[in-house]
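Open the model in your viewer and keep the selection panel at hand. The stops below say what to select next and what is there.

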Amino acid sequence: MTKSAAARPGSSPVHRVAAAAGAAVLAGTAAVCAPGVAYSAPTAATTPSVSTAALSSSSAAATPSSFDFADCPSLPEGVDPARWRCEVHTAAPRLTIGKVTVNLAPITMTHAEGPLPDGGKGQVWGAMHSAPTAVPGGLTGTPAGGHSSVLGLAIQPEYGGRSDFYTGQLSLRFRLVGPLLPHGCTIGASEPVDFRLKRSGPSKWVSQDPPLIEFSAYDDTFTVPAAEHCGPLTGPLDRRLGIPAPDGNLMSYDASYTFKTYDQLG
């Protein structure tokens, strides 16, 4: 997936990307350029788990005024703030892992990017926010499980500690939430799920001032490990979800993003 002039997403620490990679990018969250190399390591922020009362999977269309720049990360030493921008993107993902498909609650990710003092391309991860989404059928995969508060099951994506949006790479963990599950119950706890996102079509400028760009992306090549730290329900939960799943998985979503240069931030 190539990165257009519309978007230059960010990465987990600051990443250096080869100048020969060109201007290809997935607008907002995935691209195909040369891989980045860690340059520095700011703290990655994620949203704490939300109770199963907040199980939502729909969102209103994003507008530039609805984006929050509070998570813009600090810049590396020696860079020009006017040439670095903070990008905030929100996505409505549809996730298939193993035997389960869910429309996830909206995800918001923030990062910064711009030229490094030596002329290389840099990225700094900011933060990711998400909420749990109910899994139809709950723990049992039956109508009774779907209607029982005790047997409820929800899934919440969390930042996995790695990202390089010049290449469309992003790692996520998926916390499994329910009354019968311990807090640490997670898919990808030891090793997160790695995505290589590809653009589904051209990006679209909805607004020039303030900027607002829409795009779509997907990955159908990632593998899903078994759940971990789920107590006695680990085995039944894996069978319920059909994991580990080496293939047949899909992440796809429509997204939009905006940006400001650092000299425009208050």
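Rings of Phe, Tyr and Trp (its six-membered ring) pair if their centres lie within 6.5 Å; planes under 30 degrees apart count as stacked, over 60 as edge-to-face and the rest as tilted. This is a predicted model, where local features need pLDDT of at least 70 and side-chain atom pairs count only at pLDDT 80 or more, while totals for chains, interfaces and linings use all residues. Residues are numbered from 1 along each chain as its sequence is written, and side-chain values use heavy atoms, with hydrogens and water left out.

**Stop 1: aromatic rings**

Select Phe-174, Phe-195 and Phe-222, which ring pairs link into a cluster. The count of aromatic pairs comes to five. In one of them, the rings of Phe-195 and Phe-222 have centres 4.5 Å apart and planes at 55°, so this pair is tilted. Phe-195 belongs to strand β12 (residues 193-196) and Phe-222 to the loop between β15 (211-219) and β16, so the pair ties together parts 27 residues apart in sequence. Strands (E, at least two residues) and helices (H or I, at least four) are DSSP runs, numbered from the N terminus.

**Stop 2: the largest cavity**

A cavity is a set of points, on a 1 Å grid over the protein atoms alone, where a 1.4 Å probe fits but cannot get out; lining residues have an atom within 4 Å of a point. A volume is the space filled by probe spheres set on the points, which are joined across faces, edges and corners. The structure holds three cavities of 30 Å³ or more. The largest has about 70 Å³ of space. Select its lining, including Ala-91, Ile-107, Leu-170, Phe-195 and Tyr-253. β4 (85-97), β6 (107-115), β10 (169-177) and β17 (250-261) each supply at least two of the lining residues.

**Stop 3: helix α2**

Select residues 234-241, helix α2, where Leu-237, Asp-238, Arg-240 and Leu-241 are buried. They cover an arc of only 160° around the axis (taken from the directions from the helix axis to the C-beta atoms), which puts them on the same side of α2. The buried residues of α2 pack against elements including β4, β5 and β10, where contact means heavy atoms within 4.5 Å. Just after α2, Gly-242 takes a positive phi of about 75°.

Note on methods
On a 1 Å grid over the protein atoms alone, a cavity is a set of points where a 1.4 Å probe fits but cannot get out, and a pocket is an open set with protein on both sides within 12 Å along at least five of seven lines; lining residues have an atom within 4 Å of a point. Buried means under 20% relative accessible area, exposed over 50%, partly exposed in between (1.4 Å probe, protein chains only).
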